[in-house]
Amino acid sequence: AIYDSEGTLWIGTSQEVVYYNLKTKKSDRITYNSEPIRNADAITQDGDNILIAHDRGLTIYNLKTHKQQNVGAAQGLSNVSIRSIATTEDYYWLATRINIASVDKKTLNVRNYSSFNGYEVDEFHSNSSLQPIHGYILFGGDNGIICFQPKLISNRNDEVQKVYFNS
């Protein structure tokens, strides 16, 4: 659960995500494609957006417009069971059940990362992210902690160079 900047309490359970504004006494449920969001593993605020990690992806709820966007398999997530969220200036960083993904905040383009220097996490844990100093992100999992600097991997070139063989 979190309190957002508007004084609203957000609660995620295995059955639903609800919010309750202590000032206005307004409450409601958040849905994903008209169905309750189940298994909310992390909720955080990023500016005017509430980010909800759940077992079908990421829901981005805008506090000003009350509109939401969903990021799931259709947008390119290779694993939709989101366990933790971290944010940088340009990206949402997601620890899914078995990998890490970055989501461009402007375009919602997804990039999936399945290993870091050969280190396999096995499975990430719910709400196990930390952003200490110097631009690092840490995600916790079964085999320990993955620590990385997003700026060093989000701009990498995926283009494979041509390989020539001489006989």
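Leaving aside its neighbours within four places in sequence, which residues is Gly 7 in contact with?

Author: Happy to take you through it, starting with a reminder that this is a predicted model. Once neighbours within four places in sequence are set aside, Gly 7 is in contact with Tyr 20, Asn 21 and Leu 22. Gly 7 itself sits in the loop between β1 and β2, the latter covering residues 8-12. Tyr 20 is 13 residues away along the chain, and the C-alpha atoms of Gly 7 and Tyr 20 are separated by 8.7 Å.

To place that loop, look at the sheet around it. Five strands form an open sheet in the order β1-β2-β3-β4-β5, and the pairing is antiparallel. The edges are taken by β1 (2-3) and β5 (35-36); each has a single partner strand, so one side of each is left without a neighbour in the sheet. At the β5 end, β4 (residues 27-32) runs antiparallel to β5, and two bridges join them. Thr 31 has Pro 36, in β5, as its bridge partner.

Back in β2, Gly 12 is another glycine to look at. Gly 12 counts as partly exposed because its relative accessibility is 28%. Beyond its neighbours within four places in sequence, Gly 12 is in contact with Val 17, Ala 40 and Ile 43. The C-alpha atoms of Gly 12 and Asp 41 are 7.4 Å apart, while 29 residues separate the two along the chain.

Arg 83 lies in strand β10, which spans residues 82-87. Its relative accessibility is 14%, so Arg 83 counts as buried.

Lys 25 is not a glycine, yet it has a positive phi of about 65 degrees. Lys 25 is found in the loop between β3 (17-21) and β4. With a relative accessible area of 53%, Lys 25 is exposed. Leu 108, also a residue other than glycine, has a positive phi near 65 degrees. The loop between β12 (100-104) and β13 (110-113) holds Leu 108. Here the relative accessibility is 13%, so Leu 108 counts as buried.

Phe 124 belongs to a cluster, linked by ring pairs, together with Tyr 91, Trp 93, Tyr 113, Phe 139 and Phe 148. A pair of aromatic rings is described by the distance of the centres and the angle of the planes. The count of aromatic pairs comes to eight. One of them is stacked: Trp 93 and Tyr 113, at 5.7 Å centre to centre and with 25 degrees between the planes. This pair links distant parts of the chain, with Trp 93 in strand β11 (residues 91-96) and Tyr 113 in strand β13, 20 residues apart. Trp 93 is buried at 0% relative accessibility, and Tyr 113 is buried at 3%. For Phe 139 and Phe 148, the ring centres are 6.1 Å apart and the planes stand at 40 degrees, so that pair is tilted. Phe 139 counts as buried, with 0% relative accessibility, and Phe 148 is buried too, with a relative accessible area of 5%.

Three strands form an open sheet in the order β14-β15-β16, with antiparallel pairing. At the edges stand β14 (124-130) and β16 (144-148), each with a single partner strand, so one side of each has no neighbour in the sheet. From one strand to the next, the twist averages 20 degrees. Five bridges pair β15 (residues 137-141) with β16 in the antiparallel sense. Across that pairing, Ile 137 stands opposite Phe 148 in β16, and Phe 148 is also a member of the ring cluster.

Conventions. Residues numbered from 1 in each chain as written. Predicted model: local features only at pLDDT ≥ 70, side-chain atom pairs only at ≥ 80, totals over all residues. Heavy atoms only, no water. Pairing = 2+ DSSP bridges. Helix = DSSP H or I, 4+ residues; strand = E, 2+ residues; numbered from the N terminus. Buried < 20%, exposed > 50% of the residue type's maximum accessible area, 1.4 Å probe, protein only. Contact = heavy atoms within 4.5 Å. Axes fitted to C-alpha atoms, helices over the stretch in contact; angles between N-to-C directions. Phe/Tyr/Trp six-rings, centres within 6.5 Å; stacked < 30°, edge-to-face > 60°.
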